[in-house]
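Dear colleague,

Please find the structure below, handed over for your study. My notes on what was found in it follow directly after.

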Amino acid sequence: MEWFSRWKMVVVEWLAQAGVPEEQRATIALALFAALVVVALLLAGWLAVRLLRKPSLPPAAEEMAERPVQEQEIAKQAVEEPAPAAERDATLQEPLAEPVVEVIEPVVAVPVAEAPQETPVAEEPAPRLGEEVVPVPEEEVAPAPEEIVAAVAKEALPVEEIAVPEPQLPDKVSLFERMRVGLAKTQASLVGRIDALLSSSQNIDEDLLEELEEVLVTADFGMQTTMALMQSLEKRIAAGEAADPQALRGLLKDEIRQRLRLEAAPLDLERSSPFVIMVVGVNGVGKTTTIGKLAHQFVSQGKTVLLGAGDTFRAAAAEQLTVWGERAGVEVIRQESGSDPAAVAFDAAKAAAARKVDVMILDTAGRLHTKLNLMEELKKIRRVLDRELPGAPHETLLVGDATTGQNALVQARFFQEAVAVSGLALTKLDGTARGGMLVAIGNELGLPVRYVGIGEGLEDLRPFDPDLFVEALFEQQG
C-alpha cells in the first residue's frame, strides 16, 4: 500500500495548494480514489460486455461456414508445403483405394401438368415451358459465408407473400338493430320477466299487479316512477282497456313511451353561435369519450367544433381528449396538467369566439357530487364562460353511467341543484340490466335525455329517440 500512501500525499499537497482546509483534504483524497476505482470498474465491465456481444450465426450456419474455411486452409497448406519425395513415391506404389463418393440425387424437373398437388410451397418451382432444364451437378460446391448468412435469413422469411384480400365490409346495421342489441340485457331483465309473468297468468288480478310492480322496481325504475306507472295501469284496467294479461303488456309499453316522450328533447345548436356545451359528471362515467363521439357527430353534420380540455387534474386526460380531437379533426385547447380549469375555459371561450366555430365543448374534471368545494369550482367555470360568451354555457350536459342504477339518479339530483343541469347523456346502457333508471331520472327530475350510449363505437352514442327505444326494448323475440 506504499503506492497508495504516496498518491495520497500528492493529492493532499495539491489540495493544500488549492486552498482546501486541512480537515477536509484526507476525505477528498479518499473520495477521489473511490471515484477512480468506480470508473475503472465501469470501463472494465463495458469492455467485457463489448467482447462478449459478438454477432453470431445460427449453429447450422456456423458449421457450414467453417467447412469451406477449413478446406481452404488445408488446400493452402498442401500447396505451400509439398509432401517429401519418399512419401509421394510410397503413395504411388500403393494400390488406389476406392474413393468414397457422396451420391447426390439430382432434382428431377416435373412438368407443370403432372406436378402432384401435395408438393410443398418451399420446394423448387417447376421450370417454365420452353426453358431448358439444367441438371444438378454431382459435386457439392461449398458456398461462401456471406451466401450462407443470406440463405439462413431468407429461410426465416415466408417463401411466398400471401396477398390478403381486403375484407368485405358488412352491410350497415340499422339503428333499430343497433339499439335492440345494445338493450339486450335490459330486455332480458325487464321485458323477458314481464312476458314470463304475463304468459303464466290467466287473468289480471291483484297478485299479478304486485309481481309486475316488483319487476319494475328491480329493473331500477325507482319507487316513485314505479308507483306512478302502476296507478296509471290500474286506472286503464278499470276503464276496460285490458281484458287479459297480454293486453297489459301493451298498456305498460304505452305508459313508458308517454313518459319518455316528455323527457326527450334534442339539442338546438342554432340557438347561439358558438353553442357552448359544458360536460359534467362523476369520475369514470365516460365524459371524455362522450365528448369525442359528440365532436365526431357534429363534424359529420357539417359543424365546426372546438374542444376545451378542462379536466386538468386526471393524469393524461388532456392527452386522451387530444386523441379524440385528432380522430374527429377538431382543435383542442389545453394547458399544463394541474392548471386552473377556469383558465382553460377562458382560453377556450376566447378561441371559439375568434375562430367563429359553431360548437364548443368543454370537458371538466370528474368529481363526487358530495364534494362541495369541487361543485363550487363548476360554478366558477360557468361564471367565466358567461362573462366571455354571454348566455354560456347554453347546455350543461350531465353524463351518467347506467350501470350504477339508482346512484345515477342521486348524482343527477345533486348536479342539477349545483350547476343547473339542462340535459342528460346516459352511457353503458349495453352493459347493464338496469335500463329502467333512464325512465326514473327523467320522470323524477324532469331532465330531458339527450343521448344514450349503447356501445363503444363512434356511432353508438345516439340522440335519444323514445319511440325507437321502447320498440327495441319491447320487441317480441322469435
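Helices (H or I, at least four residues) and strands (E, at least two) are DSSP runs numbered from the N terminus, and two strands pair if DSSP finds at least two bridges between them. E5 (residues 395-401) and E6 (residues 423-427) run parallel and are joined by five bridges.

This is a predicted model, in which local features need pLDDT of at least 70 and side-chain atom pairs count only at pLDDT 80 or more, while totals for chains, interfaces and linings use all residues. Residues are numbered from 1 along each chain as its sequence is written, and side-chain values use heavy atoms, with hydrogens and water left out.

E5 also pairs with strand E1 (residues 275-280), in the parallel sense over four bridges; there, Val280 has Leu398 as its bridge partner. E1 in turn runs parallel to strand E4, and four bridges join them. The partner of Ile277 in E4 is Ile361. Ile361 is also the bridge partner of Leu307, and strand E2 (residues 305-310) pairs with E4 in the parallel sense over six bridges.

How many residues of E5 are buried? Seven of its seven are, where buried means under 20% relative accessible area, exposed over 50%, and partly exposed in between (1.4 Å probe, protein chains only). Glu395, Leu397, Val399 and Asp401 point one way from E5, and Thr396, Leu398 and Gly400 point the other way. E4 (residues 359-364) has six of six residues buried, so the rest of the structure largely encloses it. On one side of E4 are Val359, Ile361 and Asp363, and on the other Met360, Leu362 and Thr364.

In strand E7 (residues 449-453) lies Arg450, which counts as buried at 12% relative accessibility. Arg450 is 183 residues from Leu267 in sequence, yet their C-alpha atoms are 7.1 Å apart in space.

Helix H8 (residues 206-218) has 13 residues and reaches 19 Å from its first C-alpha to its last, close to the expected 18 Å (1.5 Å times one less than its number of residues). Its buried residues are Leu208, Leu209, Leu212, Val215 and Leu216. They lie on the same side of H8, because they cover an arc of only 115° around the axis (the arc of the directions from the helix axis to the C-beta atoms). An α-helix has 3.6 residues a turn, so residues three or four places apart point the same way.

Most residues other than glycine have a negative phi, and most peptide bonds are trans. Which form does the peptide bond from Ser273 to Pro274 take, cis or trans? This bond is cis, with omega near 0°, and Pro274 is in the loop between helix H10 (245-263) and E1. The bond from Ala392 to Pro393 is cis too, with omega near -5°; Pro393 is in the loop between helix H14 (372-388) and E5.

Positive phi values occur at Ala316, near 65°, and at Lys356, near 55°. Ala316, in the loop between E2 and helix H12 (317-328), is partly exposed, with a relative accessible area of 46%. Lys356, in the loop between helix H13 (341-355) and E4, is exposed, at 70%.

Yours sincerely
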